[in-house]
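Please look over the sequence and the model before reading on. The report below is meant for someone meeting this structure for the first time.

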Amino acid sequence: MERVSRVVCIAALILGLAGLAIPISMNIASVGGRATAHAESATAEVKIDNFTFTPATITVPVGAQVTWTNRDDIPHTVVSDDQAIKSKALDTDDKFTFTFSKTGTYTYFCSLHPKMKGKVVVQ
Ligand SMILES: [Cu+2]
């Protein structure tokens with residue numbers, strides 16, 4: 001009898017450990033998926049650094065929020081070619097967020113440095 005209960009106890013311990021391990025590994029998997037699948041998530045980030053939008057072209061689903069962050073020491077803006085998107089001058093570490101609710105290709109530039117260009121493709 002004692003032997004049986006010890007086996008049961010060990011089995012319960014193993015199941016318990018497995019039960020703990022499964023949620024942990026699932027969490028790691030979902031975090032990894034979120035980090036790599038930018039195009040499938042509802043938000044996207046564009047950095048402005050060294051007079052460059054990075055990435056220059058991003059593809060996002062309808063309804064996605066795109067946030068631009070100015071990492072440069074000088075101000076920049078985000079202005080779409082049709083002026084529908086228009087940020088104020090962004091100082092260092094300022095952010096600008098726009099929600100894209102319609103499909104299409106949105107080309108934009110910095111109104112202070114018109115050679116700076118970028119593109120958002122909304123699918
Ligand atoms: Cu600029």
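## Basis of the report

This is a predicted model, in which local features need pLDDT of at least 70 and side-chain atom pairs count only at pLDDT 80 or more, while totals for chains, interfaces and linings use all residues. Residues are numbered from 1 along each chain as its sequence is written.

## Overall make-up

Of the 123 residues in the chain, 15% are buried; a residue is buried if 20 or more other C-beta atoms lie within 10 Å of its own, exposed if 12 or fewer, and partly exposed in between, with C-beta atoms placed from the backbone. Among the contacts with a separation of 6 or more, 44% are between residues 24 or more positions apart, a contact being two residues whose C-beta atoms, placed from the backbone, lie within 7 Å.

## The four-stranded sheet

Four strands form an open sheet in the order β2-β1-β4-β6, with mixed pairing, and two strands pair if DSSP finds at least two bridges between them. At the edges are β2 (52-54) and β6, each of which pairs on one side only. Strand β4 (residues 65-70) and β6 run antiparallel and are joined by five bridges, and Val 66 stands opposite Phe 98 in β6.

Asn 50 lies in the loop between β1 (43-49) and β2, and its phi is near 55°, a positive value in a residue other than glycine. Asn 50 is exposed, because 12 or fewer is the limit and it has 9 other C-beta atoms within 10 Å.

Pro 55 is placed in the loop between β2 and β3 (57-60), and the peptide bond from Thr 54 to Pro 55 is cis, with omega near -5°.

## The loop between β5 and β6

Asp 81 is in the loop between β5 (79-80) and β6 (95-99), and it is exposed, with 12 other C-beta atoms within 10 Å. Leaving aside neighbours within four places in sequence, Asp 81 is in contact with Thr 107 and Tyr 108. The C-alpha atoms of Asp 81 and Cys 110 are separated by 9.9 Å, although these residues are 29 residues apart along the chain.

Gln 83 is also found in the loop between β5 and β6. Gln 83 has a positive phi of about 70° although it is not a glycine, and with 9 C-beta neighbours inside 10 Å it counts as exposed.

Terms used. Helices (H or I, at least four residues) and strands (E, at least two) are DSSP runs, numbered from the N terminus.
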